[in-house]
Amino acid sequence: MNILAFETSCDETAVAIVKSGQIILSSNVISQSCIHAKYGGVIPEIASRNHLDNIYHLTNKTLKESNLNYNEIDAVSSTCAPGLIGSLIVGVNFAKSLAYSLNVPFIPVHHLKGHIAANYITHNKLKPPFLSLIISGGHTLLVKVDTFTSMKIIGQTHDDAVGEVFDKLARKLNLGYPGGPLIDQLVINDYNINYKLPNPKIKNFPLDFSFSGLKTALMILIEKLGFTLDKTAICTSFNKKVSEILIDRMLKASQIYNIKKFVLCGGVAANSMIRNDFKKIINKEIYFPKKKLCSDNAAMIASQAYYEYLNNNKIKNNIYQNAYSTMSINEEFVN
Ligand code: KG4
Ligand code: ZN
């Protein structure tokens, strides 16, 4: 089954064609990060307008690279939630129109389920149940994944998402945007300076996260250090602390739910130190997507769409499907 999928939930315009949920026939991403970099973050209206500019020619390019014709596309899919609403609408509307004109099903996909599915492309034999840590620019969630399509949130952030703190720290250090990859490059594993940073815990919620205290501690430390500031030391100390917090929650969840298979995903799952630390501590069943599939892409959406399709034979020409800026990963789409 060949699925053509779109991802436009934030500032990446992405189109991909994936066969049977696992084989990428073609996948393209146009990142707008250079455009938004000068503002230090994503400007929603600029993002929507750029999706409009990009989507048509990116679709043609993706189809051409797959060596398929339109009549070999079996279904069309798009991220329908969560995300910037103006950006989502561009992808959803384009995808629905295409599905309608090709007379094939339209499959709505939850963006975060897509992030998890990036692992099915990378690891062909991987199957639920497992515990998944979704760490991105907008979300920090610990999820118990029961099947390919049904999952339950067991831990979440009470304030900032972890990727947001990477971006804010990078901004404060004048490194640029997005901050995660730039911090990743600065980090040195055995650096001789390690600043002491807090590990905020939430009373009665052992699997939840709070990153705002860590962010404030970083900002205060940077002000205090002034011109003696060592950027490598601060980035390394911060990255180490994030690894420590994530591993702590994952191990606690593993004990509580007695599940020993772990899956990381989302942009921050590309982080070198986090990947190494998880592999060191959890040396058996730990999975990450290929680095390229950690950040937003449409191949992961096509992969999840395949499992949604297998699970739900009601999916037909879902032409009334709307887009939603917020939606829990626990929920199902109703149009
Ligand atoms: O999953 P994603 O591409 O978009 C969202 O759905 O949010 O995640 C983007 C986030 C940004 O905050 C970015 O700074 C972070 O992922 N990121 C990283 C790395 N690469 C991207 N954070 C840490 N280390 C990285 N190598
Ligand atoms: Zn994402």
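Predicted model: local features only at pLDDT ≥ 70, side-chain atom pairs only at ≥ 80, totals over all residues.

Colleague: Which parts does the Tyr-120 and Tyr-307 pair tie together?
Modeller: Tyr-120 sits in helix α4 and Tyr-307 in helix α10, so the pair ties together parts that are 187 residues apart in sequence.

Colleague: Are those two tyrosines buried or exposed?
Modeller: Tyr-120 is buried, and Tyr-307 is too. Both also belong to a cluster linked by ring pairs, along with Phe-130, Phe-148 and Tyr-306.

Colleague: What about Phe-166 and Phe-238, why is that pair edge-to-face?
Modeller: Their ring centres are 4.8 Å apart and the planes are at 70 degrees, so the pair counts as edge-to-face; the cut-off for that is over 60 degrees. This pair links distant parts of the chain as well, with Phe-166 in helix α5 (residues 162-172) and Phe-238 in helix α8 (residues 231-257), 72 residues apart. Both Phe-166 and Phe-238 are buried.

Colleague: Switching to the metal. Which residues are the protein donors of the zinc ion?
Modeller: His-111 and His-115, each through NE2, and Asp-296 through OD. They lie 2.0 to 2.1 Å from the zinc ion (ligand 2). Along the sequence, the donor residues are spaced H-x3-H-x180-D.

Colleague: Where do His-115 and Asp-296 sit?
Modeller: His-115 is in helix α4 (residues 111-122), while Asp-296 is in the loop between β10 (286-287) and α10 (299-311). The two are 181 residues apart, so to speak a link between distant parts of the chain. Both are buried.

Colleague: And why is the arrangement tetrahedral?
Modeller: Because the four donor atoms around the zinc ion subtend angles of 95 to 135 degrees. For four tetrahedral donors the ideal angle is 109.5 degrees.

Colleague: OK, helix α2 next. How many residues has it, and what does it reach from first C-alpha to last?
Modeller: Helix α2 (residues 44-66) has 23 residues and reaches 31 Å, close to the 33 Å expected. There's a bend in α2 of about 35 degrees at Ile-55. Just after the helix, Asn-67 takes a positive phi of about 65 degrees.

Colleague: What do the buried residues of α2 pack against?
Modeller: They pack against β1 (2-7), β2 (12-19), β3 (23-31), α1 (33-37) and α3 (85-102). The buried residues of α2 include Ala-47, Ser-48, His-51 and Ile-55.

Colleague: Last one: Ile-222. Buried or exposed?
Modeller: Ile-222 is buried, with a relative accessible area of 8%. Ile-222 lies in helix α7 (residues 212-225). Beyond its neighbours within four places in sequence, Ile-222 is in contact with Leu-169, Lys-172, Leu-173, Leu-229 and Ile-234.

Colleague: How far apart are Ile-222 and Leu-173?
Modeller: They are 49 residues apart in sequence and 8.4 Å apart in space, going C-alpha to C-alpha.

Technical notes:
Residues numbered from 1 in each chain as written. Chains lettered and ligands numbered in written order. Heavy atoms only, no water. Donors = N, O, S within 2.8 Å, 3.2 Å for Na, K, Ca; no water. Tetrahedral: all angles 85-135°; square planar, octahedral: opposite > 155°, others 65-115°. Helix = DSSP H or I, 4+ residues; strand = E, 2+ residues; numbered from the N terminus. Buried < 20%, exposed > 50% of the residue type's maximum accessible area, 1.4 Å probe, protein only. Phe/Tyr/Trp six-rings, centres within 6.5 Å; stacked < 30°, edge-to-face > 60°. Expected span 1.5 Å × (residues − 1). Bend = angle between axes of the 7 residues up to and from the residue. Contact = heavy atoms within 4.5 Å.
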